[in-house]
Amino acid sequence: MFWDKTNETLKGKKLEALQVRRLKQTIRQSQHVGFYKKRLTQAHVRPEDIKRPDDIQKIPFTRKQDLRDGYPFGFFAVPLKKVVRIHTTSGTTGKPTVVGYTRNDLDTWAELIARNMTMAGVTENDVFQNMVNYGMFTGGLGFHYGAEKIGMTVIPSATGNTKRQIEMIKDFGVTTIHCTPSYAMHLSEVAEEMHTSLDSLKTGIFGAEPWSETMRSSLEERLGVTAFDSYGLSELFGPGVAFECPERDGLHIWHDIYFVEIINPKTGEQLGDGERGELVITPLKKEAMPLLRYRTGDITMKMEDGCLCSRGQKIGRITGRSDDMLVIRGINVFPSQIEHVLLKIPEVGNQFMVYVDKVNHLDEMTVDVEINRDYFSGELADLARIQKKVVQELHDALELRTTVKLVEPGSLPRFEGKAKRVVDRRGDAI
Ligand code: DLL
């Protein structure tokens with residue numbers, strides 16, 4: 001089933017011509033952003049210099065840090081009155097990265113989600129429970145409007161209260177769910193504890209964090225769904241960037257909306273089909289916040305053309321990051337954020353270790369931190385107070401529950417070279 005067959009199956013010269021035309025337009029649009037105006041002038045790139053898609057290589061990369069430096073609206077290419085929505089990304093130290101949308105951007109985004117969901121086989125006859133955060137996170141509203149566009153019956157249940165979520169699935173005859181894969185696993189466990197079967201379910205759309213084929217089989221068996229991988233990032237609208245078709249062998253990345261490159265993250269050199277590297281994306285139809293050669297930090301590869309479904313370009317599952325960003329229960333966390341929080345608390349020292357585990361299929365983060373010698377009284381009440389404070393401060397900054405273990409001064413490892421403060425023990429994260 002297709003939502004927009006012409007664009008989804010566009011190939012060869014027609015696709016190339018569309019990409020070049022949109023790339024030129026994107027460059028023109030980005031010239032309204034001070035950062036790009038300067039960058040493009042320095043690199044001597046004008047829209048008319050783009051004759052073939054490969055000419056994109058004349059343009060310098062954009063990094064997450066550039067966006068952070070532009071906080072809050074430095075990357076907006078339209079006046080604020082044209083921006084009708086703002087989201088922010090999780091996972092930055094201090095201020096988040098802000099993303100803005102014009103009315104047309106919101107339409108483009110909803111179209112993309114409608115394409116994805118239709119590709120997964122859902123229609124207006126389906127009842128859809130959207131079990132992700134509806135706030136600044138793009139997953140909630142992003143899927144919401146796409147599903148409404150298809151005409152599905154949408155239940156904006158958001159996160160939390162798993163028993164209630166299960167009751168709604170049963171009572172409303174929900175056929176399609178969207179959440180992170182780890183929450184889906186938790187849902188299946190709670191349903192089991194409640195001795196409830198979720199017979200109405202047919203389709204599970206899971207994403208926002210890395211997950212494995214083993215996890216897919218397990219979720220399909222436990223929930224009775226066909227599970228689809230959904231990839232996206234806030235800087236490129238949010239979810240809807242790439243999605244699996246019924247073949248479920250790679251994710252189609254919408255070639256008329258996103259121009260894709262894979263590079264060696266160390267050298268910036270272009271890599272060919274089948275070679276793993278960092279995904280670099282130039283969105284080709286974005287008004288409020290155009291981006292040029294955005295380095296996503298996500299590791300994947302381009303797959304050879306020729307999917308049985310006849311749609312175009314595919315990438316492999318995301319298997320990791322080129323930077324130190326962790327994705328914990330769908331929330332992006334940088335070790336620098338943890339350090340930032342700990343350094344502001346006088347009772348703890350600046351030595352810490354972060355351990356990430358899968359416990360009952362859910363990501364759990366434990367932070368070991370040394371107590372500051374001056375506060376090390378050994379009194380239990382004191383320790384409990386400090387621990388509570390650290391948990392609270394981490395929660396405020398990361399919007400994530402963590403386990404905090406206070407340890408004696410001098411007991412954590414010291415590093416001579418580059419500190420390795422994060423130990424990710426989630427065996428099947430990929
Ligand atoms: O996670 C958008 C989204 C919402 C995608 C709902 C899918 C479903 P951010 O919070 O900006 O946006 O986080 C983006 O999450 O760069 C990846 O590292 C990771 N990520 C997202 N989807 C997947 C996936 C949303 N399917 C960051 N597999 C990205 C692996 C994923 N990693």
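These are my notebook entries on a few places I looked up in this structure. The model is a predicted one.

**Entry: salt bridges**

I began with the charged pairs. Opposite charges on side chains can pair when the charged atoms come close. I found 32 salt bridges in the structure.

I looked at Arg115 and Asp256 next. Their closest N and O atoms are 2.7 Å apart. Arg115 sits in helix H5 and Asp256 in the loop between strands E9 and E10, so this pair ties together parts 141 residues apart in sequence. Both Arg115 and Asp256 are buried.

Then I turned to Asp229 and Arg317, whose side chains form a salt bridge at 3.6 Å, N to O. Asp229 belongs to strand E7, while Arg317 is in the loop between strands E14 and E15, so parts 88 residues apart in sequence are tied together. Asp229 and Arg317 are both buried. I followed the shared partners and reached one network of Glu213, Arg216, Asp229, Glu244 and Arg317.

I also checked Lys58 and Asp55, which meet at 3.7 Å, N to O. Lys58 is partly exposed, at 43% relative accessible area. Asp55 is buried, at 8%.

**Entry: helices H5 and H6**

I asked how H5 and H6 pack. Their axes lie 8 Å apart, at an angle of about 70°. That makes H5 roughly perpendicular to H6. I noted the residues that meet: the H5 side includes Trp109, Ile113 and Met117, and the H6 side includes Phe143, Tyr145 and Ile150.

**Entry: two loop residues**

Gly121 comes in the loop between helix H5 and strand E3. Is Gly121 buried or partly exposed? Gly121 is partly exposed, with a relative accessible area of 38%. Leaving aside residues up to four places away in sequence, Gly121 touches Met1 and Asp126. I also took the C-alpha separation of Gly121 and Asp199, which is 18 Å across 78 residues of chain.

Thr402 lies in the loop between helix H11 and strand E20. Thr402 is buried, as its relative accessible area is 6%. Which residues does Thr402 touch, not counting those up to four places away in sequence? I found Met365, Val391 and Leu394. Thr162 is 240 residues from Thr402 in sequence, and their C-alpha atoms are 20 Å apart.

**Entry: a nonpolar patch**

Phe73, Leu80, Ile86 and Met136 make a nonpolar patch of about 340 Å². I picked out Leu80, which is in the loop between helix H4 and strand E1. Leu80 has 46% relative accessibility, so Leu80 counts as partly exposed.

Methods
Residues numbered from 1 in each chain as written. Predicted model: local features only at pLDDT ≥ 70, side-chain atom pairs only at ≥ 80, totals over all residues. Heavy atoms only, no water. Patch = residues over 30% accessible without salt bridge, like charges linked within 9 Å, V, L, I, M, F, W, Y side chains within 5 Å. Areas by Shrake-Rupley, 256 points an atom, 1.4 Å probe, with all protein chains shown as cover. Salt bridge = Lys/Arg side-chain N within 4 Å of Asp/Glu carboxyl O. Helix = DSSP H or I, 4+ residues; strand = E, 2+ residues; numbered from the N terminus. Buried < 20%, exposed > 50% of the residue type's maximum accessible area, 1.4 Å probe, protein only. Contact = heavy atoms within 4.5 Å. Axes fitted to C-alpha atoms, helices over the stretch in contact; angles between N-to-C directions. Parallel < 35°, antiparallel > 145°, perpendicular 65-115°, else oblique.
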